[in-house]
Amino acid sequence: MLGGLLEHVKYIPSNFDDPAGYKALAELLEKFDEAAGQPLNRAYYLSTAPEFFPVIIEQLKAAGLHRHPKVDVRVIIEKPFGHDLASARSLQRVVSGVFRERQVFRIDHYLGKETVQNVMAFRFANMMFEPIWNRNFIDHIQITGAEDLGIGTRAGYYDQAGALRDLVQNHMLQLVALTCMEPPASFEANKVRDEKVKVLTAITPPDPADTVPAQYTAGTVGGEDVAGYLEEEGVPERSRTETYAALKLEVQNWRWAGVPIYLRTGKRLARKVTEIAVQLKPVPHLAFQSQGSVGVQPNQLVLTVQPNEGVSLSLGAKIPGSRMRIRPVNMEFLYGSAFMSQSPEAYERLIMDAMRGDATLFTRNDEVDAQWSIIDPILEAWHSADGPLPNYESGTAGPANADALIGPGRDWRKL
Ligand code: BG6
């Protein structure tokens with residue numbers, strides 16, 4: 001299979017703004033068509049530094065490669081789609097001047113993860129969750145995107161981006177949208193994306209007091225001593241870039257009004273874990289109080305995106321014995337043991353879908369716009385703040401003021 005593919009791989013060295021490169025590309029595509037005996041669909045995959053996206057798109061148009069009378073022409077655009085709302089809109093003006101929206105496939109690789117798609121399967125293929133999936137039963141939702149790795153060799157990119165742009169604007173907000181969306185009438189691309197965009201546009205940007213940026217300092221991760229962010233190679237001496245972000249959001253609609261949604265993400269945290277935890281309200285009355293059932297906790301449903309992909313539900317259960325004592329136990333489903341098969345890489349799935357023309361797992365322009373509309377005011381508030389940036393020791397669960405954001409009365413899940 002790979003051998004067959006490699007035979008057809010050709011390389012054209014060219015600068016992105018050089019029309020000669022696109023002429024050579026047009027000739028190559030024609031040769032492919034001739035060899036196949038029919039015109040083939042085109043998919044241009046823009047996996048370059050983002051400043052070249054408009055350049056390449058304009059050049060594709062100038063070379064007449066953006067459309068074809070007989071076959072489908074598509075463009076796959078890597079993230080980031082803009083670095084703020086204004087730049088995303090200006091990129092979109094270029095994109096929509098050349099391509100129709102149905103030709104455009106904006107990548108958010110989280111949507112290609114099996115466990116992220118399972119959020120929809122889980123919610124919409126089971127009867128038991130929908131009746132409780134609302135403000136009447138849910139106390140809060142917390143979404144964690146923790147990483148133990150640092151920024152590695154990506155200082156050039158990361159120092160300009162920071163945690164908010166790198167993970168919250170795209171992956172985390174997509175997780176919020178999937179968790180909170182209404183059931184779509186069908187799994188057709190636009191029906192799913194219509195529902196997601198309704199959630200995103202129902203989120204107003206949080207008050208800066210409901211946000212926490214922070215930066216990692218030196219510490220120990222997995223038994224190894226690691227440097228702080230400011231000591232990483234290529235990071236400017238006085239950088240104020242956040243490597244951690246926590247926020248409290250609310251989806252202001254009938255289903256979710258009043259339910260806080262807490263997001264946290266960061267580099268160099270205690271371990272790698274991505275999960276969505278839905279905490280239900282406590283029972284209204286506990287009949288067993290006098291029996292010493294102090295361990296009773298509200299039910300928590302955890303959708304683990306990675307690692308140990310699965311779903312777990314905590315339940316109160318009777319501790320064996322003559323007294324009515326209760327403690328939480330977990331009911332668990334694990335992908336690994338339930339399906340005994342390896343999921344495809346997120347990118348395998350996404351590139352295949354783009355080639356087939358299925359845009360369900362790609363972000364539509366109005367979603368990107370709504371995502372930046374939430375993030376922009378936070379970025380502005382953080383950039384205009386001048387006090388010291390909170391920090392956290394590498395290998396820990398993050399800064400202390402993130403605990404104040406969720407508490408009192410609520411806690412982050414243990415990392
Ligand atoms: C990328 C970010 O989009 O997602 C990286 O640029 C981050 O900084 C990565 O490490 C996380 O992806 P995953 O699939 O490892 O959770």
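In which strand is the place of R327? I will start there, keeping in mind throughout that this is a predicted model. R327 has its place in strand β13, which covers residues 326-334, and with a relative accessibility of 44% it counts as partly exposed. If we leave aside residues up to four places away in sequence, R327 touches G295, L315, G316, A317 and I319. One of these, G316, is 11 residues from R327 along the chain, and the C-alpha atoms of the two are separated by 5.3 Å.

Let me step back to the chain as a whole. There are 11 helices and 14 strands in the chain. Its radius of gyration is 24 Å, which is close to the 22 Å given by the globule rule for 415 residues, so the chain is as compact as a globular protein of that length. Taken along the principal axes, the C-alpha atoms fill a box of roughly 80 × 50 × 40 Å. Of the 415 residues, 47% are buried, and the accessible surface of the chain comes to about 21000 Å², with 54% of that belonging to carbon and sulfur atoms. As for the contacts between residues at least 6 apart in sequence, 75% of them join residues at least 24 apart.

My second residue is T211, whose place is in strand β5, residues 211-217. Is T211 buried or exposed? With a relative accessible area of 8%, T211 is buried, because that value is under the 20% cut-off. Its side chain has a polar atom that lies 2.7 Å from the backbone oxygen of P208, and the T211 side chain also makes a polar contact, at 3.0 Å, with the side chain of W382.

Now to the aromatic residues. How many aromatic pairs does a search of the whole structure find? The search finds 12. In one of them, Y157 with Y158, the ring centres are 6.5 Å apart and the planes stand at 75 degrees, so this pair is edge-to-face. The two partners deserve a separate look, since Y157 counts as partly exposed at 33% relative accessibility, whereas Y158 is buried, with a relative accessible area of 1%.

A further pair is formed by Y262 and W412, whose ring centres lie 6.0 Å apart with their planes at 75 degrees, so that this pair, too, is edge-to-face. Y262 lies in strand β9 (residues 261-266) and W412 in the segment after α11 (400-406), and the pair therefore ties together parts that are 150 residues apart in sequence. Y262 is buried, with a relative accessible area of 1%, and W412, at 11% relative accessibility, counts as buried as well.

Returning to Y157 and Y158, I would point out that they belong to one aromatic cluster together with Y216, Y229, Y244 and Y392.

Finally, there are two places where a charge meets a ring. The charged end of R106 sits over the ring of F81, at 4.9 Å from the centre of that ring, and the charged end of K113 sits over the ring of Y110, at 4.7 Å from its centre.

Conventions. Residues are numbered from 1 along each chain as its sequence is written. This is a predicted model: local features need pLDDT of at least 70, side-chain atom pairs count only at pLDDT 80 or more; totals for chains, interfaces and linings use all residues. Side-chain values use heavy atoms; hydrogens and water are left out. Rings of Phe, Tyr and Trp (its six-membered ring) pair if their centres lie within 6.5 Å; planes under 30 degrees apart count as stacked, over 60 as edge-to-face and the rest as tilted. Buried means under 20% relative accessible area, exposed over 50%, partly exposed in between (1.4 Å probe, protein chains only). Helices (H or I, at least four residues) and strands (E, at least two) are DSSP runs, numbered from the N terminus. A charge sits over a ring if NZ of Lys or CZ of Arg is within 6 Å of the ring centre and within 35 degrees of the ring normal. The radius of gyration is taken over C-alpha atoms; the globule rule is 2.2 Å times the number of residues to the power 0.38. Contact means heavy atoms within 4.5 Å. Accessible areas come from the Shrake-Rupley method with a 1.4 Å probe; for residues, only the protein chains shown count as cover. A polar contact is a pair of N or O atoms within 3.5 Å; within protein, one must be able to donate a hydrogen and the other to accept it, and residues adjacent in sequence count only if both atoms are side-chain atoms.
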